[in-house]
Amino acid sequence: MDPILQKLSGIPPSTLGHFLDEGFLDVDIRPIFRPVKLVGRALTISAPPRDNSIYRQALRECRPGDVLVIHRRGDVRHASFGGNLGLAAKNCGIAGAVLDGPVTDLVELTQIQLPVFARGVSPLTTRRLDLGGLINEPIVCGGVYVAPGDYVVADDDGVLIIPAARIETVLEHGQAARQRELQTWTSLQEGKTLDDIDALRKGGRV
């Protein structure tokens, strides 16, 4: 695994949420099964409503470890991602998918264990209408600007997009914050209070 992705995989989005305010997708974009963890780099897709034809081109152009980040252009009724497409994506080495519309074939997607984040589930599906679409162009997904190659980190709590230009700074702060969280958790398990922990930190002992 890429060293940056390996470091990122050890930091939950909620940890980064202690010091980041931007990049978090709408809270109704949720994992379709739990527990789940997803890290990777964004392969962006903008797909016309009711159409999923562009996804096949995306799978031809993807690299192992990519995350499909899909803008549905406001179509929140038609499910554009299901079991067959999910399995095809997994066979290509795709790490997961994030889309601001619904999915279908919940049982199959859960069975193959491909991390997918979406706005719910629907039996009304898209078709191959060949209406075009865009791949690896900037999009907005779940209210967040996403550029090709941006970092995606997601788990049971939701999805965060980190611009590639900021990843080193975010990792530095994120790793320090995660270490503090784990230290706090250990101290609480030992019976210490939050006031105890604050006092130890002020004294440089935690």
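The dialogue below treats a predicted model, taking a strand and then a pair of helices.

Reader: Which way do the residues of strand β4 point, and are they buried or exposed?

Author: In a regular strand, side chains alternate between the two faces of the sheet. In β4, residues 96–99, Gly96 and Val98 point one way, while Ala97 and Leu99 point the other way. All of these residues are buried.

Reader: In which sense do β3 and β4 pair, and over how many bridges?

Author: Strand β3, residues 66–71, pairs with β4 in the parallel sense over four bridges. Glycine 96 in β4 is the bridge partner of valine 67. Strand β5, residues 116–118, also runs parallel to β4, and two bridges join them. Here alanine 97 stands opposite valine 116.

Reader: What do β3, helix α4 and β4 make?

Author: With helix α4, residues 83–91, the strands β3 and β4 make a right-handed β-α-β unit. A right-handed β-α-β unit is also made by β4, helix α5 (residues 106–112) and β5.

Reader: At what angle do helices α6 and α7 pack?

Author: Two packed helices are described by the angle between their axes and the distance between the axes. Helix α6, residues 167–189, and helix α7, residues 194–202, pack at an angle of about 130 degrees, and their axes are 10 Å apart. The two helices are therefore oblique to each other. Their crossing is right-handed.

Reader: Which residues of α6 meet α7?

Author: Arg180, Gln183, Thr184, Ser187 and Leu188 of α6 meet Leu194, Ile197 and Arg201 of α7.

Notes
Residues numbered from 1 in each chain as written. Predicted model: local features only at pLDDT ≥ 70, side-chain atom pairs only at ≥ 80, totals over all residues. Heavy atoms only, no water. Buried < 20%, exposed > 50% of the residue type's maximum accessible area, 1.4 Å probe, protein only. Pairing = 2+ DSSP bridges. Right-handed = clockwise from strand over helix to strand, strands pointing away. Axes fitted to C-alpha atoms, helices over the stretch in contact; angles between N-to-C directions. Parallel < 35°, antiparallel > 145°, perpendicular 65-115°, else oblique. Left-handed = near helix turned anticlockwise from the far one by under 90°. Contact = heavy atoms within 4.5 Å.
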